Amino acid sequence: MRETPGGTDRAVSVTVGYVMTLAISTLLLSGLFVAGGSFVETQRERAAQGELTVVGERIAADIGTVDRLAANAASREDLTVDRPVTLPDRVSGTGYRVRVTADDTRGTIALESDRTDVTVEVPFRTSENVAIENATVDGGDLRIRWESPDEGAGTNGTVVVSER
């Protein structure tokens, strides 16, 4: 051991080693948290996309059911269809919105998650003489119904998607 005018240098090396160990451990843990956080966020977005796809396909199938009933009805004025659709209020822990747009016989159901930047579009087709009303609703339980044509309005009736 070396003696210096102020004492020994041995205690300094233990303190420096301890501080260096803490600094390196802090950097490693910070790196793990950053890498793990982005991994979890990616998995959350994938889960939301999968769930929104399933929800969109269920809505498209139910629109198709109401469409077929209306297209094959003998008398559309007397037809009554009110189909409740039970859907989750949240996907991957966040709310979502459902936007139904249709043009002629082609339509799209767009589902957008509130917190994640996930948007899923599910296409659907309808019969030529059945119209779909464009709508935007919050996710959750929906109602798909047939609105009979108005007397003298010149319409064939409409499939309407609304909140329950």
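View 1. The bridge partner of R83 in strand 7 is I144. Strands here are DSSP runs of E with at least two residues, and helices are DSSP runs of H or I with at least four residues, both numbered from the N terminus. The model is predicted: local features need pLDDT of at least 70, side-chain atom pairs count only at pLDDT 80 or more, and totals for chains, interfaces and linings use all residues. Residues are numbered from 1 along each chain as its sequence is written, and side-chain values use heavy atoms, with hydrogens and water left out. Strand 1 pairs with strand 7 (residues 142-147) in the antiparallel sense, over four bridges; two strands pair if DSSP finds at least two bridges between them. The open sheet has four strands in the order 1-7-8-5, with mixed pairing. Strand 1 and strand 5 (131-132) are its edge strands, each pairing on one side only.

**View 2. R76 in the loop between helix 1 and strand 1.** This loop runs between helix 1 (10-71) and strand 1 (82-85). R76 is buried but has no salt bridge, and the nearest side chain of opposite charge, D67, is 6.8 Å away. Buried means under 20% relative accessible area and exposed over 50%, with partly exposed in between (1.4 Å probe, protein chains only). A salt bridge is a side-chain nitrogen of Lys or Arg within 4 Å of a carboxyl oxygen of Asp or Glu. For charge, Lys and Arg count as positive and Asp and Glu as negative, while His and the chain ends are not counted. Leaving aside neighbours within four places in sequence, the contacts of R76 include N129, W146 and P149; contact means heavy atoms within 4.5 Å.

**View 3. L111 in strand 3.** L111 belongs to strand 3 (residues 106-113). L111 counts as buried because its relative accessibility is 0%. G56 is 55 residues from L111 in sequence, yet the two are 6.9 Å apart in space, C-alpha to C-alpha. Not counting residues up to four places away in sequence, L111 touches G56 and also, among others, L52, Y96 and V118.

View 4. Most residues other than glycine have a negative phi. Phi of S92 is near 55 degrees, and S92 lies in the loop between strand 1 and strand 2. Phi of D104 is also near 55 degrees, and D104 sits in the loop between strand 2 and strand 3. D104 is exposed, with a relative accessible area of 68%.
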